[in-house]
Amino acid sequence: MNHESFGYRIAATMSADVLVCGGGIAGTMAAVAAARCGASVMLVERYGFLGGNATAGAVAQFNSWQTANGRRVVAGLADEVVTRLGRYGGAGEHASFVMSTGHRMDRVEYAPEVLKLVLDDMLREAAVRPLLHASVLDVGVSGRRIDRVHVLTKSGVVELHAQVLIDASGDMDALDRAGAAFLELDEGEALQPATMMFRFGPIDFAQLDALPKAELAALARRGYEEGRLARAALHVSRDPFSNDGWFNISRLGIDATDAMALGAAEIEGRRQAWNAAQYLRQCVPGCESGQLRAFGTQVGVRETRRVVGDHVLSAEELLRPAQFPDAIAAGAYPIDIHPAAGGELRYEGLGDDHAYQIPYRCLIPVGFDNALVVGRGVSATHSAHAAIRVMTISMAVGQAAGTAAAMAARSDLPVNLRAVPVPALRARLLEDGAKLA
Ligand SMILES: Cc1cc2nc3c(=O)[nH]c(=O)nc-3n(C[C@H](O)[C@H](O)[C@H](O)COP(=O)(O)OP(=O)(O)OC[C@H]3O[C@@H](n4cnc5c(N)ncnc54)[C@H](O)[C@@H]3O)c2cc1C
């Protein structure tokens, strides 16, 4: 092959105080929080809409807002998202449900299409500048600073400059291109699998919900043993507008940062979802008239790269729970590890009033002074990540990172995120309705 230089020309250059790469639920909250704190903000997203797993992945339920005994541990911008969803009629009430493991959990079910509108509204009202259909291509680093990001758009390659970069791409693509360090899996650990969510309906929920849990579990096990379900679960969240449900049944053991594996998983995920839909129709009471109505736009990805931050949150710290002076968010979701293939969930329920904290240091990647991490790339071990990865906590961490980024961008250059006054950051988060314990 004749190798020539593929040098590209820069179609446009833009700048902002804060650049958020990735418009998932964590990145959108970070962008909105930073803008509301007075920063000029740009948000880059590879799709034409926001939400990531929450919309493209059709996850459709925000889990775990409170401890088992009902003490709220996530609020702030996350609450606002639910209120706004409710105004469109796109969310159910806070409700408790029994998980396939038998544990009780609280959640809010929502319509992923409506969430796209809500996130658009929040971005527009906060005057965040969205650059949609834009994928992170390359990142320029000078010493300990990220000084430019190239994104591939329909207009060509656009160069972006910002004082602070927040990597919210889930897969930490921006920090990967910048040469950041990532945590390795320990022996015996595997990345959590991806899942192709699918919408199925109509469902007679009165009939389905009336099934004794043991009977439902037996049906799930039978489907799994017969090779018709990829996991022994019939986990569904209800669409607020209809008698349809979004099912979380498929299981795809891949590294979603491997392009070939990701593409193959999309195809295999649709096959698994189709087979699961046939099983629902044929074997599950209340689902006899249903049809597969839609796949997620993409497979939902639970886990890929986790950054090495100034602090690596551990499962032991969550289970104790450790109290951190620089806590910027709290959570009560248990450690919930889906096996990459076959097998049972590893699920470690928490005590009645048990909540844990996430320290600011977990958001700061080692080796960089002007970058932060949010969402599922936060610095945590595989087991701790399995708890803090959920969308409620991702929204809380996003709010904290956006607030910190705006505070840092306000100070004299050069920005140093380690110099953000943590008491002032925590005070601002509390003022804005967040919970820190
Ligand atoms: C199947 C499944 C079920 C789940 N169930 C629940 C549940 O019931 N309740 C719950 O609360 N949580 C659940 N979770 C966890 C939760 O959905 C995720 O952990 C959370 O949504 C992560 O948010 P994020 O913003 O960090 O990442 P993502 O949602 O992955 O968002 C990343 C964003 O960045 C964009 N992006 C990626 N790469 C680039 C690039 N190179 N350039 C530009 N943009 C890019 C993506 O398009 C996306 O919008 C589930 C997850 C999965 C996969």
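How many residues surround the ligand, and which are the closest? In this predicted model, the shell consists of 31 residues, and the closest of them are Glu 45, Arg 46, Asn 53, Asp 173 and Arg 389. By residue class, the shell holds 11 nonpolar, 14 polar and 6 charged residues. Three elements each contribute at least two residues to the shell: helix 1 (25–36), strand 3 (61–63) and strand 7 (135–142). Strand 3 gives the largest share, with 3 residues.

A polar backbone atom of Gln 61 is 2.8 Å from a nitrogen atom of the ligand. For Val 136, a backbone N or O atom lies 3.0 Å from a ligand nitrogen. An oxygen atom of the ligand is involved at Ala 26, where the distance to a polar backbone atom is 3.2 Å. How much of the ligand's area does the protein bury? The ligand taken alone exposes 1000 Å², and the protein buries 97% of that.

The largest cavity holds about 40 Å³ of space. Its lining is made up of Leu 19, Ile 146, Asp 147, Arg 148, Val 149, Leu 160, His 161, Ala 162, Val 164 and Leu 165. The largest share, 5 residues, is from strand 9. The lining divides into 7 nonpolar residues, 1 polar residue and 2 charged residues.

Charged side chains can also be followed across the chain. Side chains of opposite charge can pair when their charged atoms come close. In this model the count of salt bridges is 29. One of the salt bridges is formed by Arg 71 and Asp 353, with 2.9 Å between the closest N and O atoms. Which parts of the chain does this pair link? Arg 71 sits in the loop between strand 3 and helix 2 (77–87), whereas Asp 353 is in the loop between strand 16 (346–348) and strand 17 (356–359). The two residues are 282 residues apart, and the pair links distant parts of the chain.

The last topic is backbone geometry. Most residues other than glycine have a negative phi, and most peptide bonds are trans. Where does the model have cis peptide bonds? One joins Gly 201 and Pro 202, with omega about 0 degrees. Pro 202 belongs to the loop between strand 10 (198–201) and helix 5 (205–210). Another joins Arg 320 and Pro 321, where omega is about -5 degrees. Pro 321 is placed in the loop between helix 8 (315–319) and strand 14 (327–331). Ala 127, a residue other than glycine, has a positive phi, near 65 degrees. The loop that contains Ala 127 runs between helix 3 (112–125) and strand 6 (129–131).

Methods:
Residues are numbered from 1 along each chain as its sequence is written. This is a predicted model: local features need pLDDT of at least 70, side-chain atom pairs count only at pLDDT 80 or more; totals for chains, interfaces and linings use all residues. Side-chain values use heavy atoms; hydrogens and water are left out. A residue is near a molecule or strand if one of its heavy atoms lies within 4 Å of it. A polar contact is a pair of N or O atoms within 3.5 Å; within protein, one must be able to donate a hydrogen and the other to accept it, and residues adjacent in sequence count only if both atoms are side-chain atoms. Accessible areas come from the Shrake-Rupley method with a 1.4 Å probe; for residues, only the protein chains shown count as cover. Helices (H or I, at least four residues) and strands (E, at least two) are DSSP runs, numbered from the N terminus. Ala, Val, Leu, Ile, Met, Phe, Trp, Tyr, Cys and Pro count as nonpolar, Asp, Glu, Lys and Arg as charged, and the others, Gly among them, as polar. On a 1 Å grid over the protein atoms alone, a cavity is a set of points where a 1.4 Å probe fits but cannot get out, and a pocket is an open set with protein on both sides within 12 Å along at least five of seven lines; lining residues have an atom within 4 Å of a point. Grid points are joined across faces, edges and corners, and a volume is the space filled by probe spheres set on the points. A salt bridge is a side-chain nitrogen of Lys or Arg within 4 Å of a carboxyl oxygen of Asp or Glu.
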